[in-house]
Amino acid sequence: MKRRFYLNKMDIEAGIKLFFSMLEEYFRNDEKEDIDVRESFGRVTAEPIFANENVPSYNSSAMDGVAVISKHTYGATESSPKILELEKDFEYINTGYPINKPYDAVIMIENIEIIDDTKIKIRNSVFPYKDVRKVGEDICKGEMLFPRYHTLTENDISFLLMAGVFKIPVLRELNVLLIPTGNEIVKPEEKTEEFQIPETNSAMIKNFIEKYNANVDVHSILPDDLEVLKKTIEENIEKYDLILLNAGSSAGSKDFTFHAVNELGKVIVHGLNIKPGKPAILGIVKDKPVIGLPGFPVSCNIILEDIVKPLILNKTKEEVYYDNEIIEGVSGKRIHSSITEKEYLRVGVGKVEDRYVAIPLKRGAANISAVSKQDGVVYIEKGIEVLEDGEEINIHLKRSKEIVDNNILVIGSHDLLIDLLADYIKRYDKNINIVSANVGSIGGIMAIAKGYAHMAGMHLLDPESGEYNISYIEEYIDEYTLMNLSYREQGFIVQKGNPKGIKTFSDLTKDGVRYINRQKTAGTRILLDYHLEKEGISSDEIHGYSDEEYSHVNLALKIKKDMADVGLGIKAAANIYDLDFVPVAHERYDLLIHPSFIDDPRFKLIQEIIGSEEFKRDAEKLGGYLLKDTGNFIRE
């Protein structure tokens, strides 16, 4: 057979781009299987995963001490202590034990004075749920735990089990066939002649590939015979996702890989402008990749690392984690810490312009969600009481810098569409993650103004103009881009059947009505205060006005668990817990975009997604959303 020389060698970057562009359908074609969560370490989610249980599932004590009825403690001071009686005002409790009615707060053991077996003295009053780990504090039932294409870590397994998820859909592992070829090749233990070459590459190739959600079968050694090679590929191409041939890819008279692949399908690239590794063959047979690897070990390893590994990761959607790289960044939030202990603060991380920003995740020893979602850890040394926002910090990465560089930081008002967007983004580009923090609409504006986020969600009503967001933004930012995400229904989330008859804001002042609020910087809180002022209602008349939650879902959960009767929130959150909903307003929810993000390909992808009919349909299924102006710029 006529020798084939490298007449059209390509740069490796161009060769990979060409090869992968012809495999787009191959990469898109996902196959999934349901497996036990305990067996899912390192596997990749095929669909978004939602919590089946609240974590924690009950109100529990955050420390050793006494459970008390908070209103029985009111008025206690250093100069005027109060005496509490066992089983009337308090009961002893240990960390993690459930808080049972009528008790609703905890006083740590160090802050009480034991008088006798039935009486204690306290010198400070406590508010409801003080030092109580509230139901759903870590995660709420129905909340998205992970989007599709998330690679599951050891921490994720525990998190899933805790959230009541026992079976999950994952992408099927890749099946790879490795075919060693060559008349002079033998198994190492069968070498009897000096001229024979021990076939050791297969051990290296198999172990290299099986790190990445792939199973490798090693075929018996084939001779340098074109027809035998073709027949073997033909017999196996339907059974495997990828076929690798080792040796026979060069330009020698006995190198048949090129001819076998080209006669069965098409060789896309033969010969690369690299040294070593030049003789690689990249081909496609029946829409599946067939790759000829060079025989020399170093050349083979280069093609494995630079071509085979990216191909497998593109197909399996796996993320590769690297621990302990340290990068410099800034804190995206003011953080209070203990001066007596070193704190390990778990953070989400993103790169805004040319600096890394760390956003704190949920704190507390029991909050496993922070471990699962962490991009890195910031160590706050003993003696530091406050870490200021913008302060320079060292971030110890728990994911690769490449992953962190692709993260999109979304800070501001909570909305369920941000979770939906996070999942949609993974469908289009598995390497992009959304890192979100619920700090309220005003907090989102400040994050954009200070360069701590790529986007911020907000829904701030201006009482004077009736307009949303613009007047608040212009207090802090001169030039900005504002894009609509949705219109949504805000209203009273109430228990099933609305037993307290909540219909108007004045009903919140009724005796026996327990309200649950959003935090001070939240747009929902501003909407409430607007209506209270408009109707001449004092916040002091509302029992629970100071009881705050940081998301609509957590607020709805507290009502579901009979920890409150009513709260102002979005209809979609009420739907999650099958609660009733009394509409109050249709509000506009916008995304404020950081100037550096406008021309970013990731933002262009977001625009494409939220403008799609599929996204709009899925959003409206959540309930209470109207996406008539989605993707339109309010101001640019």
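Tutor: Before looking at how helices pack, keep in mind that axes are lines fitted to C-alpha atoms, for helices over the stretch in contact, and that angles run from 0 to 180 degrees between N-to-C directions. Keep in mind also that this is a predicted model.

Student: How many helices and strands does the protein have, and what box do its C-alpha atoms fill?

Tutor: The secondary structure comes to 17 helices and 37 strands, and the C-alpha atoms fill a box of roughly 100 × 60 × 45 Å along the principal axes. Of the 636 residues in the protein, 55% are buried, and among contacts with a separation of 6 or more, 78% are between residues 24 or more positions apart.

Student: At what angle do α10 and α16 pack?

Tutor: In general, two packed helices are described by the angle between their axes and the distance between the axes. Here α10 and helix α16, which covers residues 601–610, pack at an angle of about 110°, with their axes 10 Å apart. Since angles of 65 to 115 degrees count as roughly perpendicular, α10 and α16 are therefore roughly perpendicular to each other.

Student: Which residues of α10 and α16 meet?

Tutor: From α10 come Leu421, Tyr424, Ile425 and Tyr428, and they meet Leu605, Ile606, Glu608, Ile609 and Ile610 in α16. Sorted by class, the contact of α10 with α16 has 8 nonpolar residues, no polar ones and 1 charged.

Student: How does α10 pack with α17, and is the crossing left-handed or right-handed?

Tutor: Helix α10 (residues 416–428) packs with helix α17 (residues 613–621) at an angle of about 145°, and their axes are 11 Å apart; the crossing of α10 and α17 is right-handed. On the side of α10 the contact is made by Leu417, Leu420, Leu421, Tyr424 and Arg427, and on the side of α17 by Glu614, Phe615, Asp618 and Ala619. The residues of this contact divide into 6 nonpolar, no polar and 3 charged.

Student: Turning to the strands, which ones pair with β35, and in what sense?

Tutor: Strands of a sheet pair through backbone hydrogen bonds, either parallel or antiparallel. In this structure, strand β30 (residues 455–458) is joined to β35 by 4 bridges, and the two run antiparallel, with alanine 456 standing opposite leucine 592 in β35. Strand β31 (residues 481–494) also pairs with β35 in the antiparallel sense, over 13 bridges, and threonine 481 stands opposite isoleucine 593 in β35.

Student: Why can β35 be called largely enclosed?

Tutor: A residue is buried when its relative accessible area is under 20%. Of the 14 residues of β35 (residues 580–593), 10 are buried, so this strand is largely enclosed by the rest of the structure.

Student: Which strands make up the closed barrel?

Tutor: The closed barrel has 5 strands and runs β21-β24-β23-β25-β27, with mixed pairing; neighbouring strands of this sheet are turned by 50° against each other on average, direction ignored. Within it, strand β23 (residues 343–352) and strand β25 (residues 376–380) pair in the antiparallel sense over 5 bridges, and glutamate 343 stands opposite isoleucine 380 in β25.

Student: Where does glycine 364 lie, and is this residue buried or exposed?

Tutor: Glycine 364 lies in the loop between β24 (355–360) and α8 (368–373), and with a relative accessible area of 54% this glycine is exposed. Its C-alpha atom is separated by 9.4 Å from that of alanine 62, although glycine 364 and alanine 62 are 302 residues apart along the chain.

Terms used: Residues are numbered from 1 along each chain as its sequence is written. This is a predicted model: local features need pLDDT of at least 70, side-chain atom pairs count only at pLDDT 80 or more; totals for chains, interfaces and linings use all residues. Side-chain values use heavy atoms; hydrogens and water are left out. A crossing is left-handed if the near helix is turned anticlockwise from the far one by less than a right angle, and right-handed if clockwise. Contact means heavy atoms within 4.5 Å. Ala, Val, Leu, Ile, Met, Phe, Trp, Tyr, Cys and Pro count as nonpolar, Asp, Glu, Lys and Arg as charged, and the others, Gly among them, as polar. Two strands pair if DSSP finds at least two bridges between them. Angles under 35 degrees count as roughly parallel, over 145 as roughly antiparallel, 65 to 115 as roughly perpendicular and the rest as oblique. Buried means under 20% relative accessible area, exposed over 50%, partly exposed in between (1.4 Å probe, protein chains only).
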